[in-house]
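Reader: Could you take me on a close look at one part of this model, the sheet and what packs around it? I would enjoy one connected account.

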There are 2 protein chains.
Amino acid sequence: MAISDNVRKRMEEGSWIRRMFEEGASLKQQYGEENVFDLSLGNPVMEPPPAFGQELRKLVDSPGRGMHRYMANAGYPETRAAVAAQLKLETGIEFSMDDIVMTCGAAGALNVVLKTILNPGEQVIVFAPYFVEYDNYIDNQGGASIVVPTDEQFVPKLDALEAAVTAKTKAVIINSPNNPSGAVYSQDLIHQIGDLLGKKESQYGTRIFLISDEAYRKIIYDGVTYPAVFHHHPHTVVVTSHSKDLALPGERIGYVAVNPTCTQREELIAGLTFCNRTLGYVNAPALMQHAVRNLQQVTVSVAEYQRKRDFLFDHLVEMGYRVTKPQGAFYMFPKSPLEDDVVFVNELQQWKVLTVPGRGFGSPGYFRISYCVTDRTLEGSLEGFRGAAQEFSVS
Amino acid sequence: MAISDNVRKRMEEGSWIRRMFEEGASLKQQYGEENVFDLSLGNPVMEPPPAFGQELRKLVDSPGRGMHRYMANAGYPETRAAVAAQLKLETGIEFSMDDIVMTCGAAGALNVVLKTILNPGEQVIVFAPYFVEYDNYIDNQGGASIVVPTDEQFVPKLDALEAAVTAKTKAVIINSPNNPSGAVYSQDLIHQIGDLLGKKESQYGTRIFLISDEAYRKIIYDGVTYPAVFHHHPHTVVVTSHSKDLALPGERIGYVAVNPTCTQREELIAGLTFCNRTLGYVNAPALMQHAVRNLQQVTVSVAEYQRKRDFLFDHLVEMGYRVTKPQGAFYMFPKSPLEDDVVFVNELQQWKVLTVPGRGFGSPGYFRISYCVTDRTLEGSLEGFRGAAQEFSVS
């Protein structure tokens, strides 16, 4: 009776992730934190770039009058203008501050977007594997998740997408670079998705938003360039944060960017601003809005992450794991040597290596490794990966 | 088609507040900001206390490793323990960190509490006049607002409350010191409310939460002491923020405190922590959690606010306005000299004085003045208040 039926149900569904987290914590207590190799969390061990500390120091040394007060719910004009300028630079599209709403991270951004656009029971399509928190966000805002599979390289299948779109489809969420697979979508793929959504909009006389979660946009390897989504569908909205590119996940600073060519753009932005307020975020944290204004071109060391990826990928492949090489983000999503990914992840726990079963991302039969950790942790995990591989003779 | 029907409807309902805001902005543009006396916003002009700047400087000078990373969704143990210690000091009750969830301000806290407890269609009672954003929060989380009137001094009427409670009542929200009236509830009143809720719980076999919004708890005048709510009902939850006591409204830092004697307390806290995560707040901003840890006994100058209250109250009474003297917060809620509060507030606008009509708080026939402004603004507003009063010969 203490909590609602829906919250209880959703907590129970997610409870085995929680159980694993608790088992990990108890392993750390038993064997000492330094003897457990925790690759289960997307919580970067890297510190923010030095430029962030310099911005913060400037703000503390010369505090502006009223710099901790409420501002307009969409955020400081100066910060929104800086974001717009950066997006213009990246995409060649004429963004203005009026296209930007600053938010409490990408999670806040996504809830704001979904609240703004969803009527009860409308459908939102996601591609598995996906960050399953999307299910909670969609449910919060009264929608229904429709899960569509990807191919062996974690690339969305267009025929499966086409089959899933109905008159009730309000949005499709893509997430590239992807959590958990590290896949980066090609320009061609995004163009085809946009094209398909346009056709379906005409067919049903509806509007279908393409929501692009770009939290990992700046963490991308091998000289791959990130294809801007805006060119391929007018009803495109980007949600993102500085959690990963500036290593500030605890600070909850991100934004929504609306395609300037979106029809009824002004109403949409007014709705996003209204929902940013009424969902209780009110505004993105003030000090962080000031701090990130001048850091739109600053990113943590991507070379460092690429080095870690190469190290782990090469070793896993050598051990016989089947892994698709990630091109971005800081996750790897190998095939589980056992059909039951939870059993395999439990086995890795016996070796004091913590990972997350693929079913935590809508894709049983895989497991997620997070390599945003120290080299010591990565190196220390190899024995466990090798031991578990040999046990189930993956090669 | 750009936004949902519900969001459009709620935006339209609130649009006359927006219109007034826009009219105020256009007045400022026309006559210069310094010639318009804006008493419409609860956005304190006071800067945070010097101790806040000192804490921030310490954090910037000696940044802790990982101090911007994710932490547990309920917040840093050290900050939760500091909040618990302060509550123990204030109430004599044995709070521990396990009773505290750090949130994105009181607005975040309230959404988290409502999401956690409400089943679809359950009712939440509020007392008019009230912060009407509550209606949005209750609607967000699937509940229905039930508005109960107060008496001439803005004190809840127990018989009206008793008549409003049904088997579907899940919570009653109180807000003392009150926005917009400045009323501070007596211990006796809170005891009677708790007593009534206990009886109704027995009668219906339900649980009815008393949610106490205490954002203004530390801004209280005339030597009045704040009566802790926890002693009077086991199912009590406090939601609050440091927006007003530390003048940090833009930073979104607050907390939920659960009564340690609440039945199924652990399930409730687990639910609150889960909803803090899944509503997309994830956690309260990290740097602000560090900063407020050592400031639990620090407050902006309450004497300053009391001086402003006395100045404005004495002048308004002398001009003939009927005002109940506020004992806390930084608002005054005089009777509108005209039956139609919107017409009167428009009249004040002609005098370049900006206030908010009472119907914006569920109480037509009144208007709200916010006196968290500079003395210059307060002094400058007097001519307009006098002029409007004389026009409608209020005395």
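Author: Let us start with a term: two residues are in contact if their C-beta atoms, placed from the backbone, lie within 7 Å. This is a predicted model, in which local features need pLDDT of at least 70, side-chain atom pairs count only at pLDDT 80 or more, and totals for chains, interfaces and linings use all residues. Residues are numbered from 1 along each chain as its sequence is written, while chains are lettered from A and ligands numbered from 1 in the order in which they are written.

In chain A, seven strands make an open sheet of mixed pairing, ordered 2-8-7-6-5-3-4. Strands are DSSP E runs of at least two residues, helices H or I runs of at least four, numbered from the N terminus; two strands pair if DSSP finds at least two bridges between them. Strand 2 (100-103) and strand 4 (144-149) of chain A have a single partner strand each, so one side of each lacks a neighbour in the sheet.

Further in, strand 7 (residues 236-241) and strand 8 (residues 254-258) of chain A are antiparallel partners over five bridges. Here A:Val237 sits opposite A:Val258 of strand 8 of chain A. Helix 4 (residues 77-91) of chain A packs on the sheet, touching strand 2 and strand 8 of chain A. Helix 9 (residues 265-278) of chain A also packs on the sheet, touching strand 2 and strand 8 of chain A.

Now for A:Val113: setting aside neighbours within four places in sequence, A:Val113 is in contact with A:Ile211, A:Val237, A:Val239, A:Val256 and A:Leu272.

Technical notes. Axes are lines fitted to C-alpha atoms, for helices over the stretch in contact, and angles run from 0 to 180 degrees between N-to-C directions.
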